[in-house]
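Student: Please take a close look at a single part of this model and describe how it is placed relative to the rest.

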Amino acid sequence: LSATASALDLRISAGLPPHAALKKLREARKAGDTSPATIFFPEGTTELLTPLTLEATDSNITFTGTQSTLIGGPQAPGWEKHTGELGQTNVPELLP
């Protein structure tokens, strides 16, 4: 969490996943910081295993990133041909 005179900047990383960044931002808001906030996503793919739910108190936030992709679930590798044009893979171990 980086605070400047006019904004809060949070950078998503292995040590600060999206849900933790949003929690830190909410803690700053509860402490009285109402300055604009930016959550920066790193270059590459960020996977969300659970929804990132925004609330009314989460206003004045910008989500951004350069060459960043946010996907709503883990990638499912190991696809095999099943029947006709259908494929199959095993996904239970991918879910929380």
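Tutor: At 16% relative accessibility, Thr38 counts as buried, a term that stands for under 20% relative accessible area, with exposed meaning over 50% and partly exposed in between (1.4 Å probe, protein chains only). The model is predicted, so local features need pLDDT of at least 70 and side-chain atom pairs count only at pLDDT 80 or more, while totals for chains, interfaces and linings use all residues. Residues are numbered from 1 along each chain as its sequence is written, and side-chain values use heavy atoms, with hydrogens and water left out.

Thr38 belongs to strand β3; strands (E, at least two residues) and helices (H or I, at least four) are DSSP runs numbered from the N terminus. Apart from neighbours within four places in sequence, Thr38 is in contact with Leu8, Asp9, Leu10, Thr62 and Thr64, where contact means heavy atoms within 4.5 Å.

Ile61 touches Leu22, Leu25, Arg29, Ala37 and Ile39, not counting residues up to four places away in sequence. The buried residues of α1 pack against β2, β3, β4 (44–47) and β5 (61–65). On the other side of α1, Lys23 and Lys30 are exposed.
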